[in-house]
Number of protein chains: 2
Amino acid sequence: MATPLRLGIAGLGTVGGALARLVEAKRDALEKRAQRRIEIVAVSARDRMRERGFSTEGMAWHDDPVSLASHAEIDAYVELVGGSEGAALESVKAALNRGIPVITANKALLAHHGVQLAKLAAKKNSTILFEAAVAGGIPVIKTMREALAGNEVARVYGILNGTCNYILTRMEKEGLTFAECLAEAQRLGYAEADPTFDVGGFDAAHKLAILTSLAFGCEIDLDSIFIEGISNVAIEDIEAAAELGYRIKLLAVAQRTDTGIEQRVHPTMIPTKSALAQVDGVTNAVAIDSDLLGSILLAGPGAGGNATASAVLSDVMDLAIGSVTPTLGVAPANLTPYKRARMRAHEGGYYIRLSVLDRVGAFASIARRMAENQISLESIVQRRRDSDGAESDVAPVVLITHETTEAAVRKALDLVSKDGHLKGEPHMIRIEDLSRD
Amino acid sequence: MATPLRLGIAGLGTVGGALARLVEAKRDALEKRAQRRIEIVAVSARDRMRERGFSTEGMAWHDDPVSLASHAEIDAYVELVGGSEGAALESVKAALNRGIPVITANKALLAHHGVQLAKLAAKKNSTILFEAAVAGGIPVIKTMREALAGNEVARVYGILNGTCNYILTRMEKEGLTFAECLAEAQRLGYAEADPTFDVGGFDAAHKLAILTSLAFGCEIDLDSIFIEGISNVAIEDIEAAAELGYRIKLLAVAQRTDTGIEQRVHPTMIPTKSALAQVDGVTNAVAIDSDLLGSILLAGPGAGGNATASAVLSDVMDLAIGSVTPTLGVAPANLTPYKRARMRAHEGGYYIRLSVLDRVGAFASIARRMAENQISLESIVQRRRDSDGAESDVAPVVLITHETTEAAVRKALDLVSKDGHLKGEPHMIRIEDLSRD
């Protein structure tokens, strides 16, 4: 039997607490599998006295993660503090500088400093494991870093934020508004008091930035991501999507194009019959298109203490067994610089919802503006007015375009607005048919 | 840069040929990733002279896989010969006896001899990698062996045979008979000239036997699997399923029960809205229910030269990087004996199709036989007769039962048959709601 793997865990919140309880509860099973014991020898958290459902007796206590990361008796440092700067960043650097491996669930840290940290890890002959940082319990990091090793990835996309997917699912199933579903998500603990990070698409963007690097062997570039959240999605959109054979999901997409790599996060209409469209509630899903495998799809729990702790535990077990994949799949020296695609935004069909003032010639004028911008329309439908009849001078109109560019759509809508036919702003949702390009 | 990883490949058919071409075409990318070269230094195949789209120049040629496995200059032996006995078995043993790792895509070999070979590997401090043996390019072995390391699996199930799924999908989409779709599958190369191994459910059973061991840490037991193929699935069944909100898939299921482990392969009605039901054509999918993760689903190409070679390549890269997971996830000494569940067959709802002779009291008699066996009926529907009207004395009747046992259904149908109300044999398909028990 080999020597034990001694862990230091910083952060004993939902995930850290679950991890500590699991290491205790599954001690024998883990030892059998790894052929060595897994031991938590040191911890750090904000409040030493809090009741956590497990005993920290026998574990060295550190008030500060950086001090924990420097603890002489640990073989690996588990960072579950969170945040892209401060204690998380400094403690991870401290551990890597010592040459011990780091396990983290911290997507913000990696999205902002992943390349720098990967370089530090490589320099010190160590590595960072981060299965829990993207899509919770779904083994997407392992799949991209290891299983796809021989593949050239063309596109990676998916549902990466459980809060948004929960809200969109409830809106669709129960006809509730965004605001109502958000409040419910907050009540159930699926959304934070300040929901911006989730519903604004930023959480999904952090995760996408990491996947993009693994997919294309390039450096991480969070700032290049086009981000649009779900707060403007209306029930009318969801209903119209259903009639057209689509469901609306917050999709994160990264794909290789002729001019570079495109990364975007936005509400997207996807075919109801696609497997991705069936992914409901807080579940996440990631699809990967590559040269050898074609398309594969992974779906599962995107969050939750046990699911995320399970992902951390899989990293722990990899370390225990001696697996040493480079942080970002390849040696950092082999990462290519990120090259942003010329077109930053979606090419494809568009769903456009307009509130058109009831005037002679409005329809014709809108259609002409589309034609002027080479946008071909698949359908143009005047939808039923709201039953309350309060806005009888306004007709909701839905346009579906054939494949076009975002620039053309934006330009045409800008002109339509200026023509004075609309009440309020035009609203558009990108359509993705999900077939391989 | 480390020394090269030198491979000996036995079998240069579809998968072996694709692998050799990929190792050549992706030489630089693989070297960058592994930080060492991957070299094919020796090969074995039936016909030395055949044109394969790559050069075997510089590779040592062996007429016999056993001789190849003994080649002094190889670091790993890749077995792509196929078959559970003979050259495949002997060559794998020869390689393991030397202490070099084995990579194989051979599900039959593992289903029959996996435990014995895992023991040999462990004794010699080596391992067997077999990502390609189950579900082609889907990283299900990696997921179960590594990503689920901390989880206790309750159930693993999925669509493991692309030929059957292709046939069922075409029957549904185009209203063709089983025989017509099988012929088409054979024409397209999706089915063998002798299709029994695929359509009889045996191929799926081999794969399930392996997954069962990984899921439950038990020995492999192919013989305990209840197997029923798809040749009796009729278009009427598929149509009736659609009306009821189900699709028919050949499902392979292994689950832990109070009395042991249950393994079965059979046509199954699953809810149309489930993600698994959206898995069409030659695509495979595996779902895993476990204590920490809840449910995860993996879907992707189940066969094909490149997809399977990609899985082999992922094993090659794991070896190159130094990953050394035990063959069956845990040390063979820690595998538990397989304990068969007392109930070997499905508990749940049943779809039953009967051809009932048009006699007074037949319906009542059938309903009574069901009640006598504590089978509660959700619906009983007399379906429209065949348009040709040739059998106007026979009414097709479909029964849907609430949850019951296979024993009860079999007993009731036996009695109904003996009562003389039926023309031909009763036909039943198990219904699986896929929610966790």
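Visitor: What is the order of the strands in the open sheet of chain A, and how do they pair?

Guide: This is a predicted model. In chain A the order is E3-E2-E1-E4-E5-E6, an open sheet of six strands with parallel pairing.

Visitor: What makes strand E3 and strand E6 of chain A edge strands?

Guide: Strand E3 (60-62) and strand E6 (128-129) of chain A have a single partner strand each, so one side of each is left without a neighbour in the sheet.

Visitor: How do you know that strand E4 and strand E5 of chain A pair?

Guide: Two strands pair if at least two bridges are found between them. Strand E4 (residues 76-79) and strand E5 (residues 102-104) of chain A are joined by three bridges and run parallel. Three meets that condition, so the two strands count as paired. Within this pairing, A:Glu79 has A:Thr104 in E5(A) as its bridge partner.

Visitor: What does the sheet of chain B look like?

Guide: Chain B has an open sheet of six strands in the order E3-E2-E1-E4-E5-E6, with parallel pairing. Its edge strands are strand E3 (60-62) and strand E6 (128-129) of chain B, each pairing on one side only. Strand E1 (residues 5-10) and strand E2 (residues 38-44) of chain B share six bridges in the parallel sense. One of the bridge partners is B:Ala42 in E2(B), which goes with B:Gly8.

Visitor: Why are B:Arg6 and B:Glu73 called a salt bridge?

Guide: The term requires a side-chain nitrogen of Lys or Arg within 4 Å of a carboxyl oxygen of Asp or Glu. For B:Arg6 and B:Glu73 the N to O value is 3.3 Å, so the pair qualifies. B:Arg6 lies in strand E1 of chain B, while B:Glu73 is in the loop between helix H3 (65-69) and strand E4 (76-79), so the contact ties together parts that are 67 residues apart in sequence. Over all chains, the whole structure has 56 salt bridges.

Visitor: How many salt bridges are there between chain B and chain A?

Guide: There are four. Among them is A:Lys142 with B:Glu146, whose closest N and O atoms are 2.6 Å apart.

Visitor: Which elements of chain B give two or more residues to the side that touches chain A?

Guide: They are helix H2 (27-34), helix H6 (140-147), strand E12 (294-301) and helix H12 (305-321) of chain B. H12(B) gives the largest share, eight residues. By class, this side of chain B has 23 nonpolar, 17 polar and 10 charged residues.

Visitor: How do the strands E12 of chain A and chain B run where they are joined?

Guide: E12 of chain A (residues 294-301) and E12(B) run antiparallel and are joined by three bridges. Pairing needs at least two bridges, so these strands pair across the two chains. A:Leu297 stands opposite B:Ala299 there.

Visitor: What area is buried between chain B and chain A?

Guide: About 3,900 Å² is buried, and carbon and sulfur atoms give 57% of that. The contact takes 50 residues from each of chain B and chain A.

Visitor: Why do the copies meet through the same surface?

Guide: Of the interface residues of chain B, 100% are also interface residues in chain A, so the same surface is used by both copies.

Visitor: What rotation superposes chain B on chain A?

Guide: A rotation of 180 degrees does so, with 0.0 Å of shift along its axis and an RMSD of 0.0 Å. That is the relation of a two-fold axis.

Conventions
Residues numbered from 1 in each chain as written. Chains lettered and ligands numbered in written order. Predicted model: local features only at pLDDT ≥ 70, side-chain atom pairs only at ≥ 80, totals over all residues. Heavy atoms only, no water. Least-squares fit on C-alpha atoms with pLDDT ≥ 70 in both. Contact = heavy atoms within 4.5 Å. Buried area = accessible area lost by both parts, 1.4 Å probe. Helix = DSSP H or I, 4+ residues; strand = E, 2+ residues; numbered from the N terminus. Nonpolar A, V, L, I, M, F, W, Y, C, P; charged D, E, K, R; others polar.
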